[in-house]
Amino acid sequence: MHSVTLLIDKRLELSTKYKKLLETSNNTVLVSKDLISAMNIIQETEPDLIIISDSIDSNLSDYCK
């Protein structure tokens, strides 16, 4: 079974590192730098797991609905 993980982090270096750690033949990792582009990815791909970094400054309660 193939899964998709979305990583939301505005720090390019760390998100690249995390992507390499999480990506396998059974898991695709998508990276977004902000919540607006993340919402587009969520609507298009419906990821199995979403990881949101503490580098995101927005109020996340509205996005978690």
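Trainee: Why is K19 called partly exposed?

Mentor: In this predicted model, K19 has a relative accessible area of 30%. Buried requires under 20% and exposed requires over 50%. The value for K19 lies in between, so K19 counts as partly exposed.

Trainee: Where is K19 placed, and what is it in contact with?

Mentor: K19 belongs to helix α1. Leaving aside neighbours within four places in sequence, its contacts are L7, V29 and V31. Contact here means heavy atoms within 4.5 Å. As for I36, which is 17 residues away from K19 along the chain, the two C-alpha atoms are separated by 20 Å.

Trainee: How do you know that L30 is partly exposed?

Mentor: The relative accessibility of L30 is 26%.

Trainee: Which residues does L30 touch?

Mentor: Not counting residues up to four places away in sequence, L30 touches V4, T5, L6, L7, I41 and T45. The C-alpha atoms of L30 and K10 are separated by 13 Å, and these residues are 20 apart along the chain.

Trainee: Let us turn to helix α2. Which of its residues are buried?

Mentor: Helix α2 covers residues 35-45, and its buried residues are L35, A38 and I41.

Trainee: What makes the nonpolar surface patch?

Mentor: Y18, L21, L22, L49 and I51 make this patch, which has an area of about 440 Å². Two elements give two or more residues to the patch, namely α1 (12-22) and β3 (49-52). Helix α1 gives the most, with three residues.

Trainee: What is the pattern of the protein chain as a whole?

Mentor: Along the sequence, the pattern is β-α-β-α-β. The protein chain has two helices and three strands.

Trainee: How do you know that the radius of gyration agrees with a compact globule?

Mentor: For 65 residues, a compact globule would have a radius of gyration near 11 Å. The protein chain has 11 Å, so the value agrees with that expectation. Along its principal axes, the C-alpha trace spans about 35 × 25 × 15 Å.

Trainee: How much of the protein chain is buried, and what is its accessible surface?

Mentor: Of the 65 residues, 26% are buried. The accessible surface comes to about 4,700 Å², and carbon and sulfur atoms account for 54% of that surface.

Trainee: What share of the contacts joins residues at least 24 apart?

Mentor: The share is 63%, taken among contacts between residues at least 6 apart in sequence.

Note on methods. Residues numbered from 1 in each chain as written. Predicted model: local features only at pLDDT ≥ 70, side-chain atom pairs only at ≥ 80, totals over all residues. Heavy atoms only, no water. Patch = residues over 30% accessible without salt bridge, like charges linked within 9 Å, V, L, I, M, F, W, Y side chains within 5 Å. Areas by Shrake-Rupley, 256 points an atom, 1.4 Å probe, with all protein chains shown as cover. Salt bridge = Lys/Arg side-chain N within 4 Å of Asp/Glu carboxyl O. Helix = DSSP H or I, 4+ residues; strand = E, 2+ residues; numbered from the N terminus. Rg over C-alpha atoms; globule rule 2.2 N^0.38 Å. Buried < 20%, exposed > 50% of the residue type's maximum accessible area, 1.4 Å probe, protein only.
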